[in-house]
Amino acid sequence: RPVLGLESSCDETAAAVLAPDGRILAEGVLSQEKEHAVFGGVVPEIAARAHLEALPGLAERVLRRAGLGFGDLGAVAATSGPGLIGGLIVGACFGKGVAIAHDLPFVAVNHLEAHALTARLPGLLPQGAPAFPYLLLLVSGGHCQCVAVEGLGRYRRLGSTLDDAVGEAFDKAAKLMGLPWPGGPHLERLAAGGDPQAVPLPRPLLGRPGCDFSFSGLKTAVARAVAQGGASHADIAAAFQASVAAVLADRARHALEMVPEATGIVVAGGVAANQAVRAALAGVAGMAGVPMLAPPLRYCTDNAVMVAWAGIERLRAGLTDRMDHSPRPRWPLAELTGV
Ligand code: ATP
Ligand code: MG
Ligand code: FE
C-alpha cells in the first residue's frame with residue numbers, strides 16, 4: 001500500500017505519496033522563501049509555525065490528488081533529523097499521529113539518507129539507478145559534505161565543511177553585493193556578465209589531501225573586494241563562482257580517488273542548480289570515467305518524494321521506528337544502522 005512522505009526540516013513544507021514500487025502518485029512542496037526573505041535567512045521559529053500551519057492541509061491535498069485518503073496508506077515516513085528542531089517536531093508528530101490513527105508503521109527518516117538514496121528512485125535517472133557504492137556530494141544551504149554510499153544505512157563521510165556550507169557561502173557573498181536572499185541564483189545571474197579572472201580570490205583547500213571544504217576565507221575575500229570598490233560586482237561574482245566550482249571539483253576528484261570502486265557521483269542540494277558547478281563536476285566525473293548523476297532539480301532540493309522513498313527502502317529492509325523516536329537536530333549519517 002502507498003507510503004506517505006513528509007519533509008519539514010528546513011524551509012520547505014513537503015508531502016508526497018508513493019506506490020510501494022516507488023512510483024510517484026502525487027507530491028507537493030510549499031516554500032517558505034517569502035516568509036524568511038525579509039529577514040535575510042531562515043528564522044527557525046517562523047519556519048516551525050509555517051510548517052504547523054501548512055503541513056496537514058498539504059498532506060490532505062496531496063493524498064486527494066492521488067485519489068487516496070489517510071486510511072488507504074500502508075506506512076508513514078517523516079524526516080526526523082537533522083535540521084531545525086521545531087520543524088522536525090511538527091513533521092514527526094504529524095506523521096506519528098497519522099500512523100497511530102490508522103495503525104501504520106512509522107519510519108523516522110534521516111534527511112541526509114533521503115538525499116543519498118534519491119538517485120535510487122526507480123525511473124528518476126535516465127542512466128538508471130547507480131549500484132553501490134556511489135558518491136554523494138551534498139551541496140545545499142545547510143549541508144556541505146561528501147559521502148560514500150555503500151549500502152542502505154551504510155554511509156562513510158569522506159569530508160565536510162570546516163565552516164560554512166557552500167549554499168550559505170553563496171548567500172553571504174550575494175548579500176555582500178546587495179543581492180536578495182537566497183542569493184545563489186542571483187549571484188549566478190550576476191556572474192554571467194563578469195570576468196572570473198578580473199579579481200583574484202582564494203580557492204580554499206584546493207590541492208590539499210582529503211575532501212573537506214572551507215568557505216569562510218573566500219567570503220572574507222569577497223567582503224574585502226567589495227569594500228575596496230575597484231572591481232565590478234559582476235567580476236567579483238564570477239570570480240567567486242569560479243573559485244567555488246574549482247574547489248568543489250578538486251574535492252570531488254579526491255573523493256573519487258578515495259573510493260576508486262565508486263560507480264558514479266550523485267549531486268544533491270540547491271547548489272546543484274549552478275551551471276558552473278555542474279560543468280566542473282561533470283568534468284571531474286568524465287576524467288574519472290564515471291557518470292555524474294544529477295537528479296531533476298526539484299529532487300535535488302528538499303522534497304518529500306525522497307523521504308517517502310527512503311521510507312520504502314527502510315520498510316523493505318524491515319526497519320521501522322517506534323513512536324517514542326525523538327527528532328534529532330543533529331543526526332550524522334554514520335550513526336545510522338546498516339543492513
Ligand atoms: P538543507 O540544507 O536542509 O537541505 P536548504 O534549504 O538550506 O536545505 P536547498 O533548498 O537544497 O538547501 O538549497 C538552497 C541553497 O542553494 C541556497 O543557499 C541557495 O542560495 C543555493 N542555490 C540555489 N540555486 C543556486 C544557484 N543557481 N547557484 C548557487 N547556489 C544556488
Ligand atoms: Mg530550502
Ligand atoms: Fe536538504
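I number residues from 1 along each chain as its sequence is written, and take chains lettered from A and ligands numbered from 1 in the order in which they are written. The model is predicted, with local features needing pLDDT of at least 70 and side-chain atom pairs counting only at pLDDT 80 or more, while totals for chains, interfaces and linings use all residues.

**Ligand 1.** I looked up what surrounds ligand 1 and found 23 residues, the closest being Gly141, Gly142, Gly167, Gly184 and Gly270. A residue is near a molecule if its C-beta atom, placed from the backbone, lies within 6 Å of it. By class I noted 6 nonpolar, 13 polar and 4 charged residues in this shell. Here Ala, Val, Leu, Ile, Met, Phe, Trp, Tyr, Cys and Pro count as nonpolar, Asp, Glu, Lys and Arg as charged, and the others, Gly among them, as polar. Helices α5 (166-176) and α6 (184-191) each supply at least two residues of the shell. Helices (H or I, at least four residues) and strands (E, at least two) are DSSP runs, numbered from the N terminus.

**Helix α7.** I checked the length: the 13 residues of α7 should span 18 Å at 1.5 Å a residue, and the end C-alpha atoms are 18 Å apart, which agrees. The expected span is 1.5 Å times one less than the number of residues. I then listed the buried residues of α7, namely Leu218, Lys219, Ala221, Val222 and Ala225. They line one face of the helix, because seen down the axis they fall within an arc of 160°, taken from the directions from the helix axis to the C-beta atoms. Buried means 20 or more other C-beta atoms within 10 Å of a residue's own, exposed 12 or fewer, and partly exposed in between, with C-beta atoms placed from the backbone. The buried residues pack against α5 and α8 (233-258); contact means C-beta atoms, placed from the backbone, within 7 Å. On the face turned away I found the exposed residues Arg224, Ala227 and Gln228. Arg224 counts as exposed because it has 11 C-beta neighbours inside 10 Å. Gly229 follows α7 with a positive phi near 75°.

**Backbone.** I noted a cis peptide bond between Gly81 and Pro82, omega about -15°, and another from Phe132 to Pro133, omega near -10°. Asp103, not a glycine, has a positive phi of about 55° and is exposed, with 6 other C-beta atoms within 10 Å. Leu205, also not a glycine, has a positive phi of about 70°, but counts as buried with 21 C-beta neighbours inside 10 Å.

Terms used
Contact = placed C-beta atoms within 7 Å.
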